[in-house]
Amino acid sequence: MELTLDRIYQAAHLLKDKIRNTDIIPSAIGKPAHLFFKSENLQMTGSFKVRGAYFKIAMLGESERAKGVIACSAGNHAQGVALAAAQMNTSATIFIPSIAPLSKIEATKQLGANVRLVDGVYDDAHKAAVEFQEKSGGVFIHPFDDVDVIAGQGTIGLEILEQIPNLEAVVVPVGGGGLISGVAFVVKKLNPDCKVYGVQAAGAGSMQRSLSANERVNLGGVSTFADGIAVKSPGETTFELCRKYVDEIVTVSDDEIATAILTLMEQQKLVAEGAGAVAVAAAMFGKLPEQSHNKKTCAIVSGGNIDVNILSRVISRGLLNTGRLSELKIEMLDKPGQLKEVSAIIADIGANVIKVMHNTGGENTDIIGCYLHISMETKNKEHFMEVREAIRRAGYRIVET
């Protein structure tokens, strides 16, 4: 079956009363100048994935649904399949990689699915799911490499074009390619001049590598906390659609993703998971082609299912990356008044000390020497450098770490 606009319109009609037509939110981040966010992190189950899963299962015949559905997922597709299966009275067995956040695993169980954890990443869960499908005879619901799943995701493209007149660029997270395939197909068919850019984590850039090589590339491994897009190889169908309809794929680092998550929380009051924030990270850090900087652009925030423990680490990393949380190691003599003087310097410049650790000096320092480790809150990297320079001018030696 080939992907068609008729199929995507059919999906939009079927999903109309089943999912949310999520809001378009103007960016407060400031660049590009005309940036909007499609808030799929506020979708049912917290991710766009419910669209494709629901449409795929709805298209099955009664005899197929009677056999049950099978899926593999890092968590978001799992929840979409579980919800759709429950609403259409069919059983769901879902294979999830053990690295997936506990919150996604538990949410899938609460929706009534039979969850089976598999050691490894998404691709390992996929292999186990396919083997189970062959034995059980159930219907496999692929998370991205399926025309009906892609059609369901493509409904996002229809909504964006309706919500943002004269859209000039859309920026889409990319894992296996289901979301960008559907969105790019719709956008290029209905508004050919609109650019479509994909974004992957630098440690999981399988689609970017594949398009560069003009053939599907299977990465030996993936490394990113953005588990929703940690895919070793793109799908066959999605690769062909991306090769035809996507203008460019770029990558962002995990540090850039963490900063984007923090920025979305602070400035937009939106919670995004790693995979959901990559499009925003690309816009924030100038990863998009230069010609897109002044264009009316929509970045899809594809999901918000981030584990609270990971969120805590991400916030800390984001604070460090932006210079909001800073650390200094200062060598000094171990005598009264030193800490008081250093603290006064920091306070006078408007920074806030949050942690102090005192260690005696090593073999290469003065016998009465010591090291002072200071953690502090600063406004940005420039503010930190101002504090650092003031301490240096006061005669203290800052040790590079």
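Leaving aside its neighbours within four places in sequence, which residues is T45 in contact with?

1. Basis of this note. The model is predicted, so local features need pLDDT of at least 70 and side-chain atom pairs count only at pLDDT 80 or more, while totals for chains, interfaces and linings use all residues. Residues are numbered from 1 along each chain as its sequence is written, and side-chain values use heavy atoms, with hydrogens and water left out.

2. T45. The residues in contact with T45, leaving aside neighbours within four places in sequence, are V50, Q79, G80, L83 and N305; contact means heavy atoms within 4.5 Å. T45 sits in the loop between β2 (35-39) and α2 (49-58). Helices (H or I, at least four residues) and strands (E, at least two) are DSSP runs, numbered from the N terminus. T45 counts as buried, at 18% relative accessibility. Buried means under 20% relative accessible area, exposed over 50%, and partly exposed in between (1.4 Å probe, protein chains only).

3. Aromatic pairs. Rings of Phe, Tyr and Trp (its six-membered ring) pair if their centres lie within 6.5 Å; planes under 30 degrees apart count as stacked, over 60 as edge-to-face and the rest as tilted. The count by this rule is two aromatic pairs. One of them is the tilted pair of F95 and F132, with 5.5 Å centre to centre and 55° between the planes. This pair links distant parts of the chain, 37 residues apart: F95 is in strand β4 (residues 92-97) and F132 in helix α6 (residues 122-136). F95 and F132 are both buried.

4. F185 and Y245. The ring centres of F185 and Y245 are 5.3 Å apart and the planes are at 80°, so this pair is edge-to-face. Because F185 lies in helix α8 (residues 178-190) and Y245 in helix α10 (residues 236-245), the pair ties together parts that are 60 residues apart in sequence. F185 and Y245 are buried.

5. Helices α7 and α8. The axes of α7 (residues 147-163) and α8 come within 7 Å and cross at roughly 45°. Axes here are lines fitted to C-alpha atoms, for helices over the stretch in contact, and angles run from 0 to 180 degrees between N-to-C directions. The two helices, α7 and α8, are therefore oblique to each other; angles under 35 degrees count as roughly parallel, over 145 as roughly antiparallel, 65 to 115 as roughly perpendicular and the rest as oblique. Among the residues that meet are I150, Q153 and G154 in α7, and G178, L179 and S181 in α8.

6. V342. This residue is in helix α14 (residues 338-348) and is buried, with a relative accessible area of 0%. Not counting residues up to four places away in sequence, V342 touches I330, M332, L372, I374, I391 and Y396. The C-alpha atoms of V342 and I229 are separated by 45 Å, and the two residues are 113 apart along the chain.

7. Positive phi. Most residues other than glycine have a negative phi. N214, which is not a glycine, has a positive phi near 60°. N214 is in the loop between α9 (206-213) and α10, and is partly exposed, with a relative accessible area of 48%. K269 also is not a glycine and has a positive phi of about 60°. K269 is in the loop between α11 (254-268) and α12 (274-284), and counts as exposed at 64% relative accessibility.
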